[in-house]
Amino acid sequence: MIQLSLPYLHLRTRNSSYIMEILPGGHIGQLYYGPALSSREDYSSLHREFAIMPGNETAYSPQLGQYNLETCLLEFPGGGKGDYRSPALIARRGDGDRVIDPVYRSHRLSEDLAEPPSGMPGTRGGTGGAESDEAMLTLLLEDTRGDLKLELEYRVLESCDVITRRVRVVNGGEADLDIDRIASLSLDLPPGDYRWHSLPGKWIAEKQLQSGSIRFGALELSSRRLVSSAEHNPFLAISEEGTDEHRGDAYGFSLIYSGNHRTVAEQSPHRLLRIQLGIGDEDFCWRLAPGESFESPEAVMTFSAEGFGGMSRNFHRYIEDHIIPPAWRRRPRPLLFNSWEALYFDFDEEKLMKLARAGAKLGMELFVLDDGWFAGRNDDRSSLGDWVADRKKLPGGLERLANRVRALGLEFGVWVEPEMVSPDSELYRSHPEWAIQTPGREPSLGRNQLILDLSNPAVIDYLEESMNRVFAACNPAYVKWDMNRCSSDLYSPTLPPDRQGELAHRYVMGLYELLSRLVSAWPDILFEGCASGGNRFDMGILYYMPQIWTSDNTDPGSRMKIQHGSSWVYPPHCAGAHVGSDPSHQLLRNNSIETRFHVAAFGALGYELNLTKLSPFERKVITRQVELYKAYRELFQFGELYRLASPFQGNLAVWQTMADDGSAGILGWFQQSQEAGSVYETLRLRGLDPGATYRIETLPHVFN
């Protein structure tokens, strides 16, 4: 719901209110973000200002007395007019003027959410109309010089308790304008005892929840890797002191973007807290000619008075209803098994068929052929980019293998890594200019490979043709799309020297263009994103690919933390989780087949071990696991998730998933390490119907 009673603008979801005001100088101010307030005509009681000009702050205008921007709560702060905090927009005009001073000019309302701009992922709208719980507000701002215009878009999604934001910059002047920074979301909060929470990590240790107290100064979380990265997921939460999983005020912010990003939490000397999310600005500069515009990625924000659990469930509903491709909304994910840890590069068609037959006997549904299937690919030192089946390993190509797998009653899936090229490949020998590398410098390699320049339309066309050929050969039900290195030597021969700062963003836009073409051409394929595990786990990828490989680490002890952290933003059905080998190929730690399954079941389940070398006991156990998961698959994947204990705060991880109507639930109780002399534990279950009677059944740790 959107209520306008100028100078006030009230955006209301089911349980939250977001209220802005037009300030005396024409700037948009932030009045309130928190529990839902009733509608009214006058919100002046929420207004905050100093009674006198504080210290050496700068007055905005002689006509407005002590009005100064440094002590205002601003909706989209510029720079150069007395606000010394982080600006949401930094731009340079041809004459050297860098002042940005946006003020309100007008607005427009819509009850139908527009689809995301061409080439960008974002909020998918519903049906609209009188019964819709969606609405959109666009604020039209203009710099006081008159040469720069801004459109601030707000999408209000009542049932999700989510508001999204996007910014469009228009060059209304007569000379080029260079954008050096653009934040998709900027929010100022009043003084409070705040804490911040983020999801940092690295390869095989993604989304390691981190928290701290807000202090004077700025906290910055960012990626400079050309991907959203495992280093800092594009997410930040802010809470009041004392907030926990079930109670207290929690604010969540996330960016729908798959490239370099920047998140800042800055507390000013006046204890005002500024939150900003947007494209990373270190490798970014975008030139706008007169009349041209630039659109930022969309950012998502949510508020919950029910702690971090409520915040997460808001994110989960939003992703399920407004991000996931419609064909995959609440569509059960298949139970797959992957060849990687079983065989790595050492296989031929008969080895693969032996593995496939073993999976079929255990009740699996989808066999995935991982890396190593294309010509010359016997290790990771060659052949990326050539995408032709190795006839020594697969004499009948992908087509015959896929048909033989389907004859067993299984679906077929295949691994690809389209964004990469090996220097030892026919593609690189034919088109070295298609690889990202700086002229005059020896390129640095990651996993013995280079990144293809997706800012180049010819590269996108080649990859579209190559992938269409691969998919047509085997008609896969599933594609694992990998991306195994981060950026270096950023340079594109398709861009002039003064526009090289556009390459990182153009790469991401090229990726979205390629994915859009392929997803449209192959709507029945379940695409799973992967980037050395969780190095590109974000809402931008989920817009095209309904699930993402959470981590290359399948050790259940590690996965407790990785999956727990992931659930702060992303619902379980998005997170690929496999029963791996024993001992773990990542940690060399032994874990029972039961423990590996119990942890992985709280996600999109798969198996990734050599099913041909199981003991009779393991075959019996896995058969029962598969039956159990199929029986409760929708509850595991789509139930409402409650985190009852955190592995980041103690030895336990306890997860509860409940059916939407509260009729059934599943509880997972895990120890990170065995403790001697344990005491009684009391678990307070969540999401139950107070008027219902429940029967509790315990699944044996070891199947009989």
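Is Tyr67 buried or exposed? Select Tyr67: this residue is buried, with a relative accessible area of 9%. Buried stands for under 20% relative accessible area, exposed for over 50%, and partly exposed for what lies in between, with a 1.4 Å probe and protein chains only.

Before going on, note that this is a predicted model, in which local features need pLDDT of at least 70 and side-chain atom pairs count only at pLDDT 80 or more, while totals for chains, interfaces and linings use all residues. Residues are numbered from 1 along each chain as its sequence is written, and side-chain values use heavy atoms, with hydrogens and water left out.

**Stop 1: aromatic rings**

Rings of Phe, Tyr and Trp (its six-membered ring) pair if their centres lie within 6.5 Å; planes under 30 degrees apart are stacked, over 60 edge-to-face, and the rest tilted. By this rule the count comes to 31 aromatic pairs. The rings of Tyr60 and Tyr67 have centres 5.8 Å apart and planes at 90 degrees, so this pair is edge-to-face. Tyr60 also counts as buried, at 14% relative accessibility. Next, select Tyr18, Tyr33, Tyr154, Tyr251 and Phe303, which ring pairs link into a cluster.

**Stop 2: the open sheet**

Helices (H or I, at least four residues) and strands (E, at least two) are DSSP runs, numbered from the N terminus. Two strands pair if DSSP finds at least two bridges between them. Select β1 to β4: they form an open sheet of 4 strands in the order β1-β2-β3-β4, with antiparallel pairing. The edges are β1 (2–5) and β4 (28–35), each with a single partner strand, so one side of each has no neighbour in the sheet. From one strand to the next, the twist averages 15 degrees.

Now look at β1 and β2 (residues 8–12), which pair in the antiparallel sense over 4 bridges. His10 in β2 is the bridge partner of Gln3. In the loop between β1 and β2 sits Pro7, joined to Leu6 by a cis peptide bond with omega of about 20 degrees.

**Stop 3: the barrel**

Which strands make up the closed barrel? Select β21-β22-β23-β26-β27-β28-β29-β30, the 8 strands of the barrel, in that order and with parallel pairing. The twist here averages 30 degrees from one strand to the next.

Zoom in on β28 (residues 547–549) and β29 (residues 575–579), which run parallel and are joined by 2 bridges. Trp549 has Gly576 in β29 as its bridge partner. Helix α10 (residues 593–600) packs on the sheet, touching β29 and β30 (604–607), and its direction makes about 170 degrees with that of β29. Contact means heavy atoms within 4.5 Å. In the loop between β29 and α10, find Pro583; the peptide bond from Asp582 to Pro583 is cis, with omega near 0 degrees.

**Stop 4: two helix pairs**

Axes are lines fitted to C-alpha atoms, for helices over the stretch in contact, and angles run from 0 to 180 degrees between N-to-C directions. Angles under 35 degrees count as roughly parallel, over 145 as roughly antiparallel, 65 to 115 as roughly perpendicular and the rest as oblique.

Then select α4 (residues 397–407) and α6 (residues 457–474), whose axes come within 7 Å and cross at roughly 40 degrees. This angle makes α4 oblique to α6. On the α4 side the contact is made by Leu398, Glu399, Ala402 and Arg406, and on the α6 side by Val470, Ala473 and Cys474.

**Stop 5: single residues**

Select His316 in helix α1 (residues 307–322). His316 is buried, with a relative accessible area of 6%. Leaving aside neighbours within four places in sequence, its contacts are Ser567, Val569, Tyr570, Pro571, Pro572 and Leu641.

Move to Ser383, in the loop between β22 (366–369) and α4. Its phi is near 80 degrees, a positive value in a residue other than glycine, and at 5% relative accessibility Ser383 counts as buried.

Finish at Arg441, in the loop between α5 (426–430) and β25 (450–451). Arg441 is exposed, with a relative accessible area of 58%. Arg441 and Leu667 are 226 residues apart in sequence and 55 Å apart in space, C-alpha to C-alpha.
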